[in-house]
Amino acid sequence: MPGIDKLPIEETLEDSPQTRSLLGVFEEDTAATSSYFSQLFRAMQRIYDAQNELSAATHLTSRLLKDYEKQRFPLGGDDEVMSSTLQQFAKVIDELSSCHAVLSTQLADAMMFPITQFQERDLREIVILKEVFQIASDDHDTAINRYSRLSKRKENEKVKNEVMEDVYTSRKKQHETIMHYFASLNMLQYKKKMALLEPLLGYMQAQISFFKLGSENLTQQWEEFLTNIGTSVQNVRREMDSDAEATEQAIQDMKAASDPLYMPDPDPNQIPVNRNLTRKAGYLNTRYKTGLVSSAWDRQYFFTQGGNLMSQSRGDVAGGLVMDIDNCSVMAVDCDDRRFCFQITAFDGKKAVILQAESRKDCEEWIATINNISKRIYLSENPEEIAARVNQSALEAVTPSPSFQQRHESFRPSTQGRPKTGRSGSQCSAGSESPALSSLSLDSLVAPDTPIQFDIISPVSEEHTSEAKSGAQGRTNPFGESGGTKSEESEDSILHQLFIVRFLGSMEVKATESADVIYETMRQILAARAIHNIFRMTESHLLVTCECLKLVDPQTQVTRLRFPLSSVVLCASHRENKRLFGFVLTTAGGREDGRPVTVCYVFESNNDGEKICDSVGLAKQIALHSEMDCKATQKQRDLDKAKEKQEEELHKQKQIEKDLEEQSRLIAASSRPGQPAADGQFLVLSNSQSEDSDAGEEGNIRFCFSSKI
């Protein structure tokens with residue numbers, strides 16, 4: 001027999017308006033089937049109850065069987081095999097209607113039991129499941145509305161847990177109910193056929209058994225036909241049993257797989273955010289005005305169709321246009337009374353809608369999808385592949401992985417023949433090589449929720465502002481350096497290299513030991529620009545000298561920022577996009593508590609970023625060699641001064657020793673008895689040291705002796 005139309009059980013959790021519309025078709029078919037089987041049941045009941053009216057009841061049955069093909073069943077209306085089979089049955093019943101009498105027992109067992117079971121059990125089960133499903137759906141809507149009204153500012157943890165548990169229970173109950181309801185509706189298509197064929201087969205077999213078909217021709221004519229019908233019924237039963245078993249297994253599998261989805265705000269670690277979507281559908285709450293200052297929220301089913309955002313309420317046949325989202329802008333917004341909200345603004349800025357998602361994951365997926373559609377990616381042949389490539393280059397350009405360090409090393413040129421103080425690959429650093437990124441965490445590189453600066457701003461403190469007003473020339477930048485540069489600085493510098501760069505952004509970082517901090521900063525800045533649709537960049541001239549790095553306005557030649565070369569601790573270019581590069585600066589005393597501030601700046605250049613990093617590395621080498629030469633010269637001067645001082649001290653020591661020897665000789669000569677002085681009165685011995693002798697030595701030693709002549 002031809003295939004049976006089925007309700008998609010895998011779409012029961014989404015519960016979209018399309019699925020509800022299809023469910024309405026099946027319910028309409030069930031109502032038509034119930035109506036038709038009620039008539040057929042009454043006809044067979046007449047056969048069973050009134051043998052005197054057997055001929056009329058058989059004729060009615062035949063007429064109803066002939067009218068089957070005229071019935072407009074929403075499902076299975078064009079079943080030619082079934083229609084032709086019933087036509088054959090109607091023909092047989094017409095031939096036997098005038099001579100058949102039905103035995104009550106045989107008819108009760110063979111004819112009335114199957115159709116009665118179908119009428120009272122199968123159709124009744126559909127009615128009960130429909131009522132249970134309606135109750136579960138209403139409970140789920142009530143729980144969702146209560147969850148959506150949770151306040152972000154006045155959030156009670158106990159109430160939140162109760163509401164989320166209520167959503168989980170109602171959603172699970174609705175999902176299980178609708179799955180069983182859909183399965184029963186699908187099984188009804190098989191049971192309907194069996195309920196049509198089995199009573200008729202039983203009826204015919206009872207008639208043949210009762211009358212023994214005295215005519216051999218009549219028996220030979222219909223026996224093969226009835227055998228084929230019996231085989232067809234068995235085949236349908238086996239197909240139904242197989243489908244029922246597969247459906248039950250699918251329900252069990254979907255229960256296990258859908259359990260995390262029952263929670264309104266699932267764990268993003270278990271269900272990651274898909275940012276490569278170009279189509280999305282689901283329920284959202286939309287805000288609409290109810291007065292001048294008042295507003296309300298309405299839950300509707302939203303879906304994207306090409307470059308349009310559509311919405312559809314339950315019961316609507318088709319969706320309506322909300323707005324054109326080509327070249328639109330979308331961003332997360334903070335609403336006072338709702339969570340997980342985002343705003344879509346049309347390209348001309350004249351229309352904006354605020355929507356609320358069920359979870360943070362759903363909110364981020366909607367924002368990413370609308371961003372992809374606004375870039376017209378959906379017009380390409382492989383939109384999801386192109387969206388993945390765009391997000392890979394924009395949002396995940398430098399996403400770290402366990403093999404990140406190995407890939408980074410593979411991009412570095414050989415360092416053989418270079419001095420130890422030079423750069424390695426695309427970075428220059430005052431520290432040692434970084435370990436593998438697997439041993440680092442992103443929090444150790446960049447602090448969470450660090451603000452990003454997308455434009456060059458040189459704030460001036462009030463103190464320097466007052467000095468500037470009072471006649472002091474120049475201004476200060478964020479690093480405490482004077483805005484006015486000395487002309488001698490550029491004239492005396494050995495290295496002068498100029499590059500055209502565009503400023504992408506800067507942010508404060510935590511680590512300075514590895515170039516990984518530059519890659520992570522690039523990733524976050526590019527991601528922020530992509531999410532907030534920031535495309536404007538400030539173009540400057542980057543001047544690399546042996547003393548500093550300067551950002552100069554290309555039109556006015558005014559120095560926007562000046563970075564002392566000694567504060568540049570890292571410099572690296574992007575591994576894939578060589579036009580991107582960045583450097584890290586450390587400024588002492590940048591905080592109120594005196595701690596240093598470390599900032600990473602990211603640029604885009606017309607040149608290869610490697611060349612700029614090489615230029616910065618060369619400038620640091622020249623500055624390092626110059627500093628080493630100055631230190632060596634100063635050290636030699638200090639050694640010469642120390643040597644001169646040592647020789648002077650040695651000369652003084654020798655002079656002191658000489659004077660002491662002279663004094664000893666004179667003392668010995670004066671101590672002899674009867675030896676007056678030459679003048680006959682006094683003998684004075686005097687030894688005077690040099691006026692510049694040390695304070696610890698005696699300045700003058702005098703000995704006086706007197707005697708009378």
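1. Salt bridges first: there are 24 of them in this predicted model, counting a side-chain nitrogen of Lys or Arg within 4 Å of a carboxyl oxygen of Asp or Glu. Numbering starts from 1 along each chain as its sequence is written, and side-chain values use heavy atoms, with hydrogens and water left out. As the model is predicted, local features need pLDDT of at least 70 and side-chain atom pairs count only at pLDDT 80 or more, while totals for chains, interfaces and linings use all residues.

2. Have a look at Lys6 and Asp243, a salt bridge whose closest N and O atoms are 2.6 Å apart. This one links distant parts of the chain: Lys6 is in the segment before α1 (17-49), Asp243 is in helix α6 (residues 216-258), and 237 residues separate them. Helices here are DSSP runs of H or I with at least four residues, strands are runs of E with at least two, and both are numbered from the N terminus. Lys6 is partly exposed at 42% relative accessible area, whereas Asp243 is buried at 12%; the cut-offs are under 20% for buried, over 50% for exposed and partly exposed in between (1.4 Å probe, protein chains only).

3. Next, Asp122 and Arg121 form a salt bridge, with 3.2 Å between the closest N and O atoms. Asp122 is buried, with a relative accessible area of 7%, but Arg121 comes out as partly exposed at 45%.

4. Lys280 pairs with Asp362 in another salt bridge, the closest N and O atoms being 3.2 Å apart. Lys280 sits in the loop between α6 and β1 (281-289) and Asp362 in helix α7 (residues 360-374), so this contact ties together parts 82 residues apart in sequence. Both Lys280 and Asp362 are buried.

5. On to the rings. The count is 14 aromatic pairs, where rings of Phe, Tyr and Trp (its six-membered ring) pair if their centres lie within 6.5 Å, and planes under 30 degrees apart count as stacked, over 60 as edge-to-face and the rest as tilted. Phe563 and Tyr601 make a tilted pair, 5.1 Å centre to centre with 55° between the planes. Phe563 belongs to strand β13 (residues 559-564) and Tyr601 to strand β16 (residues 597-605), so the pair connects parts 38 residues apart in sequence. Phe563 and Tyr601 are both buried.

6. Phe583 and Phe603 are stacked, at 5.5 Å centre to centre and 25° between the planes. Since Phe583 lies in strand β15 (residues 580-587) and Phe603 in strand β16, this pair ties together parts 20 residues apart in sequence. Phe583 is buried at 1% relative accessibility, and Phe603 is buried with a relative accessible area of 1%. These rings belong to one aromatic cluster made of Phe503, Phe563, Phe581, Phe583, Tyr601 and Phe603.

7. Strand β9 (residues 452-453) runs antiparallel to β10, joined by 2 bridges, with Ile452 partnering Met507; strands count as paired if DSSP finds at least two bridges between them. β10 also pairs in the antiparallel sense with strand β11 (residues 538-545) over 8 bridges, and there Arg502 stands opposite Glu539. With β16, β10 makes 7 bridges, again antiparallel, and Val501 has Ser605 as its bridge partner.
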